[in-house]
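Hi,

Here is the structure I promised to pass on.

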Amino acid sequence: MTERQQEFEQQLAELQRGYRVRLPQRVAAIALAWNRLREPPGTGEAALDLQRLAHNLAGSGTAFGFPAVSKAARDLETVIEAWPGVGEGAVEEALAVLHGTVTELASQDAGSAAAAAGAVKTTPLLDLVLVADSGSEPCRELAAQLGHYGYRIEQLRDSVALEQRLAQKPPAALIVDASHGRGKFSGIEQMVHLQESGVALPPVFYLSDRDDARTRLAGVRAGGAGFFIKPVDAIDMAAALERLIPHESPEPGRVLIVDDDTVLAARHALVLEQAGMRTRVVNDPLRAPEELADFHPDLVLMELYMPECDGLELAAIIRQQEAYMGTSIVFLSSDTDTSLHLHALRAGGDDYLVKPLPPERLVASVAARVQRARTLNTFMARDSLTGLYNHSRIEEQFLRELARAHRLGTPFAYAFIDLDHFKQVNDVYGHAAGDRVLMSLARLLVHRLRRTDLVGRYGGEEFIVVLPDTDWEQAMSIIDELRESFAGIRHQIAGSEFRVTFSGGVAGFPTFSDAVTLARAADQALYTAKRTGRNRVVRAPLPRPG
């Protein structure tokens, strides 16, 4: 068991001990609610309060290793639902059974905590790529071009150096010249030899002068992840590398847990966090909308029965807001009534989970819903060609980050980027070539910028880059370095080769304090860059006093 798993088990055990200690208080609260219901006027609100307390106890007992408590509480809940038809004696008897069960537990040691779900770990992949070849010009040029996209490249020209290098920390990928009989390096055959010798290979991409079935078959049998005919367009290789070597590890799923049962909510949070997700717990349902706006969860996991505002009402509040239409809502309840399940789904829920839930079931259900929510949001928020944020979503992210900068008093930079003479690219080489240029710039921006930076396609050949926690000088240096790298990329189409440049305008907060003046300043700086010769980055001038 790893240290992290041991810590998780200890935390679960601590939660279980705390739950067991508080059981008598929860039973006392149920008895008090029953007494209030029996005394005039015995309102409907008091009946709902009693039912909610019994329902929550029924749903949490088994989760903490006390199935007898869940059964006794569920039997009490069933009797309460039938009251007053069953008479006070039936309620008193069910309450006595629950009290006796908890009293018996008080004299016993706590059982072991429920089994934890396995942790979902993500290991960041390196951007180091080895190019194994005999020094051919196409391979040297490909290595240089991939460097513009931010990949660190090492070139090795013989099999001994390659084997020694692979024995060290493995690279993220390997690009191999598959041509046969090139000096001491024999391409595909060498990879087969290394595998037979027990050397673990990273994903391998083969380059070849030959485009025939036998050569491709040899590459497949040697475990090739890709096969390219020389000369290779760097953008195609960069795209293949990006599919196998993501620029960033997936952002952990974000789950907002809304449950008035503090102990059970803490347990759910602990299980989900152990599985690699980020959680935030809200015990007061009326605070949930505020936390939604601040936390931006992928999924809301909420108890159905809560005081002041139940789960169905809270779901209606969430679904009334367009910003959360893509946020999944999953209800939790120990109620097994299928008609209630359907009602919850019609009220805006995406799923209904019946408590108690084993940890692995909770993780699997939540993870699947998070993935679906993210897929839906990708279609809604991403530009179909480049995969960057679309116009509306980058504007939304821009406003959010600007508000954060105001709140924290941190610097903030905003850049407009526009491709130079892009119309000529479309006119001379065709719109397919223009699309490849757009994708090339998008790939460079995403791979070279930080994970916290935001990139969007504003429209046509215009892009927006949002740089949180970045001052003007830093932003100017970053965007200008990107400009130089992009200008060095050779674009290939139908045997032709050409280069494209871009111009940029940069403005920053707090010099420009609101969204309108900040965007306008960057746009004016971009106009100046275009007017003064293109292929340059210009800083917005300071605003005039008054």
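This is a predicted model: local features need pLDDT of at least 70, side-chain atom pairs count only at pLDDT 80 or more; totals for chains, interfaces and linings use all residues.

Let's start with the cores. The largest nonpolar core has 49 residues, and Ile175, Met237, Leu419, Leu445, Ile479 and Phe486 touch the most other members. Helix α17 (residues 431-448) gives the most to this core, namely 7 residues. Because domain 2 (129-244) and domain 4 (391-539) both contribute residues, the core lies between them. As for Leu445, its contacts beyond four places in sequence are Ile417, Val455, Phe463 and Leu482. There is also a second, separate core of 31 residues, with Tyr19, Phe64, Val69 and Ala94 among them.

Glu401 counts as buried because its relative accessibility is 15%, under the 20% cut-off. Beyond its sequence neighbours within four places, Glu401 is in contact with Phe412, Leu454, Val466 and Pro468.

Now the rings. The whole structure holds 8 aromatic pairs. One of them is Phe398 with Tyr414, a tilted pair at 4.4 Å centre to centre and 40° between the planes. Both Phe398 and Tyr414 are buried. Another pair, Tyr429 with Phe498, is stacked, at 4.1 Å and 15°. Tyr429 sits in helix α16 and Phe498 in strand β15, so this pair ties together parts 69 residues apart in sequence. Phe498 is buried at 9% relative accessible area, whereas Tyr429 is partly exposed at 30%.

Finally, Arg254 lies over the face of Phe295, 4.4 Å from the ring centre, and Arg382 lies over that of Tyr389, at 4.2 Å.

Best wishes

Conventions. Residues are numbered from 1 along each chain as its sequence is written. Side-chain values use heavy atoms; hydrogens and water are left out. A nonpolar core is a set of buried Ala, Val, Leu, Ile, Met, Phe, Trp, Tyr and Cys residues joined through side-chain atoms within 4.5 Å. Buried means under 20% relative accessible area, exposed over 50%, partly exposed in between (1.4 Å probe, protein chains only). Helices (H or I, at least four residues) and strands (E, at least two) are DSSP runs, numbered from the N terminus. Domain bounds come from an automatic or database domain assignment. Contact means heavy atoms within 4.5 Å. Rings of Phe, Tyr and Trp (its six-membered ring) pair if their centres lie within 6.5 Å; planes under 30 degrees apart count as stacked, over 60 as edge-to-face and the rest as tilted. A charge sits over a ring if NZ of Lys or CZ of Arg is within 6 Å of the ring centre and within 35 degrees of the ring normal.
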